[in-house]
Amino acid sequence: MSTKSLALTLTRPKTLELRSVWQDETLRSGQLLVQVEYSSVQPQDGDMFNCSGRFTELELPHVLGVEGVGVVLKSRCETFEEGARIAFILKKFFSDESHGCWQRRLILDEHRAMILRVPAVVGLNQVAACTTSTAAALAFLKYFPPTSRIIVTAACGAVGLATMQLGALRGHQMIGLVRGPERAAWIAKELVRCGSITVVDTESPGWIRLACPLTGKGELVAPSPDTDAGAGADGLIDGVGGEVLTLAMEELLRVRAIVVRYSAVLEEDAARVDAAQQKHRLLVKEGSVEDFMASLDAIQQVEAAFALIADARYRPKAWHVASVKEVVECMKDQPIWTRHATQVKPGRIGRIIWKFE
Ligand SMILES: NC(=O)c1ccc[n+]([C@@H]2O[C@H](COP(=O)([O-])OP(=O)(O)OC[C@H]3O[C@@H](n4cnc5c(N)ncnc54)[C@H](OP(=O)(O)O)[C@@H]3O)[C@@H](O)[C@H]2O)c1
């Protein structure tokens, strides 16, 4: 028997409609029926909305969304009982065999999604702001030995914020690069409880000179060509590419530092990036949430991070909570003076999430 649900559906490029959908909710072994309470707007949702980038051939109508949080309504899965509060991330960000998560009632299983328990004292809205970004941060931090000195670009983006906080909570020295003095001030004030966190505004003139002492580059230790020792940061986690990445690789890293790169779309001066890599013998890794989700202890690691939210040591940031109707405005190109929160509005810190009313 089919049951009616609602799905925020991309019907044409740049057109989202809240549509009724009918689905057979008879569960197979291992499946859960979930009432989705919140989801988030990810950069790739923006590309899907515009049918741009890798989504020019997207078959429409299509339901967007790769993650969400909600409550289990029915269960044929041993791990999650009815009433359990869960977060989930689709295991395939692209080419998932079905529609996405922007549906009120969703059938999931552990083959299709990483499903995580939300601690009783943590709000679903808090976890909605950090589900994928927590997994991403853990995926990228895994390359670093204890007490590393790590530079993070786009430190006020959703992934950047999670990486800064979870890195500091693990005992690393985190150095964030952000655009704009307000963001630098926000990080310095709000994330101080996590541990060692410093920040540099890459819009200030000569920012690289300000960053040098924070990364150890100002120390009078000549980098040795034969050892790992030497002045400069132990690593860099980058999701933006461009001049910030290039300069950081050239000026701020020690010999044999680790560079984790995770953005799909990066514009850069490839020759300079290659030259910096060769010169400092940098170890470049590709960061991938999808690979992380395949690791045996991924669920345990993300749930441990969610537990840190309970005592306010890890503080996910929802920049804006949109209604279903407003999501479309958040995704459209808007003039700079728009009253709507958009993905590209200057000064954004953290994730746009949205709530199913
Ligand atoms: N590989 C993976 O498994 C994986 C997983 C998650 C995300 N990602 C990718 O990682 C990227 C970031 O994801 P997110 O969720 O953190 O996105 P997000 O919340 O939109 O954050 C992106 C941040 O990058 C900054 N930024 C953009 N262009 C920049 C530039 N040229 N120079 C300096 N800063 C710049 C933005 O600042 P402004 O507001 O100033 O523009 C924003 O703070 C996306 O491309 C996403 O697709 C990859």
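A polar contact is a pair of N or O atoms within 3.5 Å. The model is predicted. Its chain is divided into two parts, domain 1 (2-129 + 317-355) and domain 2 (134-289). Both domains give residues to the shell around the ligand, so the ligand lies between them.

**The shell around the ligand**
- The ligand is surrounded by 16 residues.
- Arg179, Arg183, Val289, Arg348 and Arg351 are the closest of these.
- Sorted by class, the shell holds 8 nonpolar, 4 polar and 4 charged residues.

**Atoms that meet the ligand**
- The side chain of Arg348 places an N or O atom 2.5 Å from an oxygen atom of the ligand.
- Tyr262 uses its backbone instead: an N or O atom there lies 2.9 Å from a ligand nitrogen.
- On its own, the ligand would expose 920 Å², and the protein buries 75% of that area.

**How the domains are placed**
- The centres of domain 1 and domain 2, taken over C-alpha atoms, are 30 Å apart.
- Domain 1 brings 10 residues to the contact, and domain 2 brings 8 residues.

**The interface between the domains**
- The size of an interface is often given as the accessible area lost when the parts come together.
- For domain 1 and domain 2, the buried area is about 760 Å².
- Carbon and sulfur atoms account for 70% of this buried area.
- On the side of domain 1 that touches domain 2, the residues are 4 nonpolar, 2 polar and 4 charged.
- The interface of domain 1 and domain 2 has 2 residue pairs in polar contact, both at pLDDT 80 or more.
- The count of salt bridges across the interface of domain 1 and domain 2 is 0.

Terms used
Residues numbered from 1 in each chain as written. Heavy atoms only, no water. Near = heavy atom within 4 Å. Polar contact = N/O pair within 3.5 Å; in protein donor to acceptor, adjacent residues only side chain to side chain. Areas by Shrake-Rupley, 256 points an atom, 1.4 Å probe, with all protein chains shown as cover. Nonpolar A, V, L, I, M, F, W, Y, C, P; charged D, E, K, R; others polar. Domains from an automatic or database assignment. Contact = heavy atoms within 4.5 Å. Buried area = accessible area lost by both parts, 1.4 Å probe. Salt bridge = Lys/Arg side-chain N within 4 Å of Asp/Glu carboxyl O.
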